[in-house]
Amino acid sequence: MNSPMRERLIEAATELFYAQGLRAVSVDKVIDLASTTKVTFYRHFKSKDDLVVAYLERRAALERDGIGEAIKQGGGDVDVTLRAISGAIGIIACAPGFRGCPFINAAAEYPDADSPIRKAVDAHRRWNKTTFEQLIAPLGITDAAEVADDLMLIRDGAMVAGYLDQPANVAASFLRSSRAVIGTGDSTRR
């Protein structure tokens, strides 16, 4: 279980990292916002990288919860689930203060595939792809891993489009593209 101070540090980091970027935010800024000391910070995190990983794990948990709720709402119906996911993406990606996908942003700032930050990003992306594969499994698509890659690309594109478009447009485009990729109404992919 996380201590209240550790939680406060992660909350401060979440606010700062997402708004300003991971590399732009110093440990001192996080410490100041959390109203604590360096000694307390280092009692909870060995390094800034450890804090960045904790931030990404927090964001991953939120996304997993949201997708899990969409799957639950879908009740096994792939299209209903995709509609729920598309609606959520449209709302999130077009919300005030949206600065893109925190995982795409982290990957851009930490290009070294061996860094703990990139490993956290990669783990979340693997979870997303696996979840997409599980979601479409009832459709009997033979190349489900490739389709999951395609759905991930569509998701990433929707995150970027959030800067440029309206929620309804992003949601509708995600849904149309997802349906096209899974072959809804088209038996050529099955």
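In which helix is the place of Asn128? I looked this up at the outset, keeping in mind that the model is predicted, and I found Asn128 in helix α7, which covers residues 116-136.

When residues up to four places away in sequence are not counted, Thr131 touches Ile67 and Ile71.

**Entry on helix α7**

I turned next to the helix itself, where α7 has 21 residues and reaches 30 Å from its first C-alpha to its last, close to the 30 Å expected at 1.5 Å a residue. Its buried residues are Ile117, Arg118, Ala120, Val121, His124, Asn128, Thr131, Phe132, Leu135 and Ile136. Looking down the axis of α7, I saw that these buried residues fall within an arc of 160 degrees, so they line one face of the helix. On the face turned away from that buried side I found the exposed residues Arg126 and Gln134. As for partners, the buried residues of α7 pack against α4, α5, α6, α8 and α9.

**Entry on helix α8**

For α8 I compared the span with expectation: its 18 residues should span 26 Å at 1.5 Å a residue, and its end C-alpha atoms are 25 Å apart, which agrees. I listed several buried residues in α8, among them Leu151, Met152, Arg155 and Asp156, and I noted that what covers the buried residues of this helix includes α4, α5, α6, α7 and α9.

**Entry on the nonpolar core**

Which residues have the most contacts inside the largest nonpolar core? I found that this core has 57 residues, and that those with the most contacts inside it are Phe17, Val30, Leu51, Leu56, Ile136, Leu151 and Ile182. The helices α1 (4-20), α2, α4 (48-74), α5 (78-93), α6 (102-109), α7, α8 (144-161) and α9 (167-182) each supply at least two residues of the core, and α4 gives the most, with 9 residues.

**Entry on Ala106**

I looked up Ala106 in helix α6, where its relative accessibility of 0% makes it count as buried. Not counting residues up to four places away in sequence, Ala106 touches Leu22, Leu56, Ile117 and Val121. I also noted that Ala106 and Val52 are 54 residues apart in sequence and 8.9 Å apart in space, C-alpha to C-alpha.

**Entry on the α5 and α9 pair**

I then examined how α5 and α9 pack, and recorded an angle of about 145 degrees with their axes 8 Å apart, in a crossing that is right-handed. The residues that meet include Leu82, Ile85, Ser86 and Ile89 in α5, and Val170, Phe174, Leu175 and Ser178 in α9.

**Entry on Ser35**

Most residues other than glycine have a negative phi. The phi of Ser35, however, is near 55 degrees, a positive value in a residue other than glycine. I noted as well that Ser35 is exposed, with a relative accessible area of 58%.

Key: Residues are numbered from 1 along each chain as its sequence is written. This is a predicted model: local features need pLDDT of at least 70, side-chain atom pairs count only at pLDDT 80 or more; totals for chains, interfaces and linings use all residues. Side-chain values use heavy atoms; hydrogens and water are left out. Buried means under 20% relative accessible area, exposed over 50%, partly exposed in between (1.4 Å probe, protein chains only). Helices (H or I, at least four residues) and strands (E, at least two) are DSSP runs, numbered from the N terminus. A nonpolar core is a set of buried Ala, Val, Leu, Ile, Met, Phe, Trp, Tyr and Cys residues joined through side-chain atoms within 4.5 Å. The expected span of a helix is 1.5 Å times one less than its number of residues. The arc is that of the directions from the helix axis to the C-beta atoms. Contact means heavy atoms within 4.5 Å. Axes are lines fitted to C-alpha atoms, for helices over the stretch in contact, and angles run from 0 to 180 degrees between N-to-C directions. A crossing is left-handed if the near helix is turned anticlockwise from the far one by less than a right angle, and right-handed if clockwise.
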